Amino acid sequence: MAALTEISSRPRDRHARARALHWALAGVLALCCAVSLQIGAAEVTLTALLGKWLAGEPLTMMERVVLFDIRLPRLAMGVMVGGALAVSGAAMQGLFRNPLADPGIVGVGAGAGLGAILAIVLGTLLPVWVTDIAGNHLVPLAAFFGGWGSTLLLYRVSTRGGRTSVATMLLAGIALGALAGALSGILVYMADDQQLRDLTFWGLGSLAGASWAKVLAAAPLVVLSVGAALVLGRGLNGLALGEATAAHIGIDVQRTKLVAILAVAGATGAAVAVSGGIGFIGIVVPHLLRLASGPDHRMLLPNAALLGASLLILADVIARVIIAPAELPIGIVTAVLGAPVFLWILLRRRGLVDL
Amino acid sequence: MRLETEDIGVRYGRHEALGGVNLRARAGEVTAIVGPNGSGKSTLLGAITGTLPHAGRVILNGRDVAGQKPWELAAQRAVLPQATRLAFPFEVLEVVRLGQQAGTAGGRANVPMQALARVGMAHYAERIFQDLSGGEAQRVMLARVLAQVWSPVEAGVPRWLLLDEPVASLDIAHQLQVMEIARDFARAGGGVVTVMHDLNLTALFADRVLVLSGGRPLAFGTPQEVLTDDTLSRAYGCTLKVSRPPERADMPYVLPHHGQLTGA
Ligand SMILES: Nc1ncnc2c1ncn2[C@@H]1O[C@H](COP(=O)(O)OP(=O)(O)O)[C@@H](O)[C@H]1O
Ligand SMILES: [Mg+2]
C-alpha cells in the first residue's frame, strides 16, 4: 500500500519519456546518416573526405561523384522513404484504431503500386502538355491517387458507425491487394520493352535507382503528407475513443479522417513511387515505439518518422555491403528483419486479431 | 440556463425509435431519464449530444447546438457513453487527459489527477486502461468526462454532464459515490442529464425525471410526481408498487410485485 502511494505521488510520465526518446532518435538518425555516407562499394569514406576537407585539400572527381551524386541522393531518398513509410503506418493505425493496419499489409501499397504502374505504362498515352506539366511528379502523383482510392475503399468496407472490424479490414485488404496485383499484371503484359525495364527496376523494392531527380519528384508529396500527419496527433488520440466520443471531446472527426486518409495515401504513394514495395517499416516502427513510450500520437508520429528513417538507412547499408560488390534489394532486408518482428508482435498479442 | 429539446425524433431506417420528446433540463438540477430496455433512452441522449441524426432542435444554454463546432460544444458539455472501447494501450491518466483536451488545457495540469481522485481511481493512474475491470473502466471514463468540464460554471455559464447509465456496472458503494458526484456537480451550478436504470437511486438523487416508454415521453416531473404505481406499471408493463418510508415521505422507493404475491 505504501509502495502504491509512493508511485502515484510522482507519476512516471510516459510523455516525458517520449520527448527524451525524440532527441535520442534524432541523434540515432544523424549517426545512421553518417554511417550510410561512410560505407559503400567505392573506396571512399566520409571520415577520409572530412579529413581532406579540413586539411584544405580538394576532392577528386571520383570522390565528388560518389559523395554528391551517389551516396547523398540515396541517403536523402532513404530518409524520405523510411520516414514516410513509418508515419503512414502510424497514421493508418490511428485512423483504423488498430495496430495491424499497415498500408503494405492491407493493400494500400498495392493500390499505390497500381497507380505507379498505370503512369509508367499508360503515361505515354497522355496528352503531351499533361506529361510536360507533371514531369517527374507523374508517377508519385499516380501512386498517391492509387493509394487514396484504396484507403477510401478499405475504410468504407471495414468501418461501420465509427467502429472498425479488424477481420473485415484484413480480409478486404487481401482482396484489394490481389485485385491491384492482378490489374498491375495485366498492365505489365501491355508494357513495351523500355517500360518493362522501368517496371522491373522499380518493382524490386530498392533505393538503387536513387537520383536527385527522383528525390525532387517525391519530396513535395512526402513533405506535405508527413507534415499533415504530424498535426494529426490530437485527432488520432481522440479517435482511439471511437468517433462519437472523439467528437464529444471536441475533435473535428470528419476533418481528422480526411487529413489522415490523404496523409496515408500521400506518404505511401511517394514511398512506393520511388522505391517499389518496401515492407514492415510501417508496422514494426510504430509498434516498437508504443512499447517504449506509449501510444500518444502526438509523440508517436514524429518519433516514427525519425526511427523509420534510421531503420531504412541501416537496412540500405546492409543491403549494400552484405553481398558486395553486388547488392540486395532493400525490400528483402526489411522483410527478413521485419517479418519475424511482426510474427513476434502477433504471438505476444493474439488478442489484436481476435477482436 | 437550460438544456431543452423541441420535438426530438430519431428513426433507425423505418423504425421510429423516438418521437415527440420535449425535455426541459435546468442547470443546478439532476435530470434523470428512465424507461424500460429499448425505450429510447440512449437514443435520446445520442440525439442531444449530436451523435445521431434527428428531427427537432436541441437548445443548450440558449443556443441551438446545430451549427456549433465540436470544440465549442466540448467546452460546454461532456458525454459519458454507455460503453467505451479504447484502441491502443493508453494509461489511465492519459485517458483522463484525453478528456481535458477540449479548451480547458491552460494551467490546469492537475485536473486529471483530481478527477481520478474524485472517482477513487488515483492509485490506478499508471495502469493500462485495458487491464481494468468493467466497473473500474467506467469510473475512469467518468473521470475523463469530469476533467473535460471540471468547473460546473465557467464565466457565468453552466456546463453539462450527459451520462448514459453511469452506475450500470458499479457496486453499491460506487453507485452512491458516482451519484453524489453528479449531484454535487449540479449543486455547484452545473447541469446533469443522466440515463438511469435503478428507480430507487433515481428517487434518491434526481430532481426531475423523464419517463420514456416505446420511444414516447410518458411523464415528466419530480420523482414525487412521476414515480407512482400507475405511471411505472404502465411504463414497464408489470405491476410495480411505490412505497414511502414513514420517516422519509418525500422519498419513494419502488418494489416489484410478482403477480402471485399481490394476487393480481
Ligand atoms: N443502431 C440501431 N439500429 C437500429 N435500431 C436501433 C439502433 N440502436 C437502437 N435501436 C433500437 O432503438 C430502440 C431504442 O434503443 P435505445 O435508445 O438504445 O434503448 P435504451 O432505452 O435501452 O437505451 C430499441 O428498440 C433498439 O433496438
Ligand atoms: Mg441504453
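User: For residues 102-107 of chain B, where pLDDT stays under 50, how many contacts beyond four places in sequence does the model have?
Analyst: This is a predicted model, in which local features need pLDDT of at least 70 and side-chain atom pairs count only at pLDDT 80 or more, while totals for chains, interfaces and linings use all residues, and side-chain values use heavy atoms, leaving out hydrogens and water. Residues are numbered from 1 along each chain as its sequence is written, with chains lettered from A and ligands numbered from 1 in the order in which they are written. pLDDT is the predictor's confidence in each residue, from 0 to 100, and a contact means heavy atoms within 4.5 Å. For residues 102-107 of chain B, where pLDDT is under 50 throughout, the number of contacts beyond four places in sequence is 8.

User: Which element of chain A has the lowest mean pLDDT?
Analyst: Chain A averages a pLDDT of 86, and 93% of its residues score at least 70. Over residues 1-11 of chain A, however, pLDDT stays under 50, and the model has 9 contacts for them beyond four places in sequence. Among the elements of chain A, helix 15 (residues 297-321) has the highest mean, 95, and the lowest, 40, belongs to helix 1 (residues 2-9) of chain A.

User: What ipTM does the predictor give the complex?
Analyst: Besides the values for each residue, the predictor scores the complex as a whole. The pTM is 0.89, and the ipTM is 0.91.

User: How much of the accessible area of ligand 1 does the protein cover?
Analyst: The polar pairs here are N or O atoms within 3.5 Å of each other. An oxygen atom of ligand 1 is 2.8 Å from a polar side-chain atom of Ser42(B), an oxygen atom of the ligand is 2.5 Å from a polar side-chain atom of Thr43(B), and a nitrogen atom of the ligand is 3.4 Å from an N or O atom in the side chain of Tyr12(B). With accessible areas from the Shrake-Rupley method and a 1.4 Å probe, ligand 1 on its own has 560 Å², of which the protein covers 57%.

User: Why is helix 3 of chain B largely enclosed by the rest of the structure, and how many of its residues are buried?
Analyst: Buried means under 20% relative accessible area, exposed over 50%, and partly exposed in between, with a 1.4 Å probe and protein chains only. The buried residues of helix 3 of chain B, among them Val92(B), Leu93(B) and Gln100(B), pack against helix 2 (14-38) and helix 11 (233-239) of chain A and against helix 4 (111-118) and helix 5 (134-148) of chain B. Helix 3 (residues 92-100) of chain B is largely enclosed because its buried residues number 8 of the 9.

User: Is Ala155(B) buried or exposed?
Analyst: Ala155(B) lies in the loop between strand 8 (153-154) and strand 9 (157-158) of chain B, and its phi is near 55°, a positive value in a residue other than glycine. Most residues other than glycine have a negative phi. With a relative accessible area of 79%, Ala155(B) is exposed.

User: Which residue has its backbone oxygen 2.7 Å from a polar atom of the side chain of Ser158(A)?
Analyst: Ser158(A) lies in helix 7 (residues 138-158) of chain A and counts as buried, because its relative accessibility is 2%. The backbone oxygen 2.7 Å from a polar atom of its side chain belongs to Leu154(A).

Methods
Polar contact = N/O pair within 3.5 Å; in protein donor to acceptor, adjacent residues only side chain to side chain. Helix = DSSP H or I, 4+ residues; strand = E, 2+ residues; numbered from the N terminus.
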